[in-house]
Amino acid sequence: MSQSSTERAAPRRALLIVNPGARLAASTREEALRAFRDAGVSCDPVLTDGPGHATSLARERAPSYDAVFTLGGAGTAMEVLSALADHGPPLGILAAGTGNVLARALGIPLAAGAAVRALLDGRATRIDLGRLQDGRHFAIGVGVGLDEAIIAGASRRLKQHVGLLAYVWSGTKAALRLRHFQVRLTVDGASYERQAAFALIANLGAVPFLGRSIQFGSGISHDDGVLHACLYSPTNVLDAVRIFAGLLRGRVPAGSAALYVAGRKFRLETEPRLRAQADGELLGLTPLEVTVCPLAGHVLIPAGLR
């Protein structure tokens, strides 16, 4: 990590915030607790009882611990990141959801026991976060269009039955529909307008997908002090396939099909108004206002990762 400082993790007392509604929470909770015990780390588990509860739990209890861990999906991690932004102990993310994109992106093992061991032996580091107008924070990105349709189209029931394949199914349907919308993007006072099928304000330059890596654009880093708007404008389904293949190769050049703009303050407006998603969690309708919080996220990562 180029600008963020890192330090040895070595927590001795941990808070574990568990979302009991997460797809794999029931089957992984005891495995995680056993790994804490085997490492000689005192761990206090606490269950959430609804949206927003993880945030209040972290705010109230985190100061008494060396580290906070979440066991759940993206929403649980996002809530705790919001609570601990700019202060508090580091966050360790244990995967118990369906996509687990943030855990994968940070190189955290998906098995709970292995993740606990890797993070306890790992390092604490700082990453940038994005901040929404309602005060919530995100680590990966916030978007509208195709990515929101993928998240919305994967029902809870489908995810419980087929796991990650639910997103493949919803993504295929969304790509075949390929709905375009008008975008007005304002970045640090400069405005851009165009039609798009997918608009993302990204903090991470790449995210894992089915064993590959989707790369949104070159030069995007999680600790560079800015966020990166990425607008993709395929004209038909075949063009969308080409853009997606380019994202997998890390090569979608700027031009008529893609626009990349870095900055600190963003406003994203669409016509018609569209529902957004952030880190895999569905939000309200556009317009969106987003600002960067440089190095506000304090997270645990396995040793050896940059």
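**View 1. The buried residues of helix α5.** In this predicted model, the residues A112, G113, A115, V116, A118, L119 and L120 of helix α5 are buried. Because seven of the nine residues of this helix, which runs over residues 112-120, are buried, the helix is largely enclosed by the rest of the structure. The elements that cover its buried residues include the helix α1 (25-38), and among them are also β4 (67-72), β5 (91-95) and β19 (288-301).

**View 2. L94 and the largest nonpolar core.** The largest nonpolar core has 67 residues, and those that touch the most other members are I17, F69, L94, L102, F216 and Y232. When residues up to four places away in sequence are not counted, L94 touches L16, A32, F69, T70, L71, G72, A112, A115, V116 and L119. Apart from this core lies another one, made of 25 residues, which include F138, A199, L227 and L268.

View 3. The side chains of R13 and D44 meet in a salt bridge, with a distance of 3.4 Å from N to O. This pair links distant parts of the chain, since R13 belongs to strand β2 (residues 13-18) and D44 to strand β3 (residues 42-47), 31 residues apart. R13 counts as partly exposed, because its relative accessibility is 34%, and D44 also counts as partly exposed, because its relative accessibility is 26%.

**View 4. A network of salt bridges.** The structure holds six salt bridges, and a network of such bridges links R184, E193, R267, E269 and E289. Within this group, the side chains of R184 and E193 meet at 2.4 Å, N to O, while the closest N and O atoms of R267 and E269 are 3.6 Å apart. E193 counts as exposed because its relative accessibility is 53%, whereas R184, at 35%, counts as partly exposed. R267 is partly exposed, with a relative accessible area of 29%, and E269 is partly exposed at 26%.

View 5. A cis peptide bond joins E271 and P272, with an omega of about 5°, and P272 is found in the loop between β16 (265-271) and β17 (275-278). Another cis peptide bond joins T286 and P287, where omega is about 10°, and P287 has its place in the loop between β18 (281-285) and β19.

View 6. Because its relative accessible area is 54%, D86 is exposed. L295, likewise not a glycine, has a positive phi near 55°; L295 lies in strand β19 and is partly exposed, with a relative accessible area of 27%.

**View 7. A nonpolar patch on the surface.** V237, L238 and V241 form a nonpolar patch on the surface, and together they have about 240 Å² of accessible area. V237 is placed in helix α9 (residues 237-249), and because its relative accessibility is 33%, V237 counts as partly exposed.

**View 8. Two buried cysteines.** C43 counts as buried because its relative accessibility is 16%, and C293 counts as buried because its relative accessibility is 12%. A disulfide is a covalent bond between the sulfur atoms of two cysteines. A search of the whole structure finds zero disulfides.

Terms used
Residues numbered from 1 in each chain as written. Predicted model: local features only at pLDDT ≥ 70, side-chain atom pairs only at ≥ 80, totals over all residues. Heavy atoms only, no water. Patch = residues over 30% accessible without salt bridge, like charges linked within 9 Å, V, L, I, M, F, W, Y side chains within 5 Å. Areas by Shrake-Rupley, 256 points an atom, 1.4 Å probe, with all protein chains shown as cover. Salt bridge = Lys/Arg side-chain N within 4 Å of Asp/Glu carboxyl O. Helix = DSSP H or I, 4+ residues; strand = E, 2+ residues; numbered from the N terminus. Buried < 20%, exposed > 50% of the residue type's maximum accessible area, 1.4 Å probe, protein only. Disulfide = S-S within 2.5 Å. Core = buried A, V, L, I, M, F, W, Y, C linked by side-chain atoms within 4.5 Å. Contact = heavy atoms within 4.5 Å.
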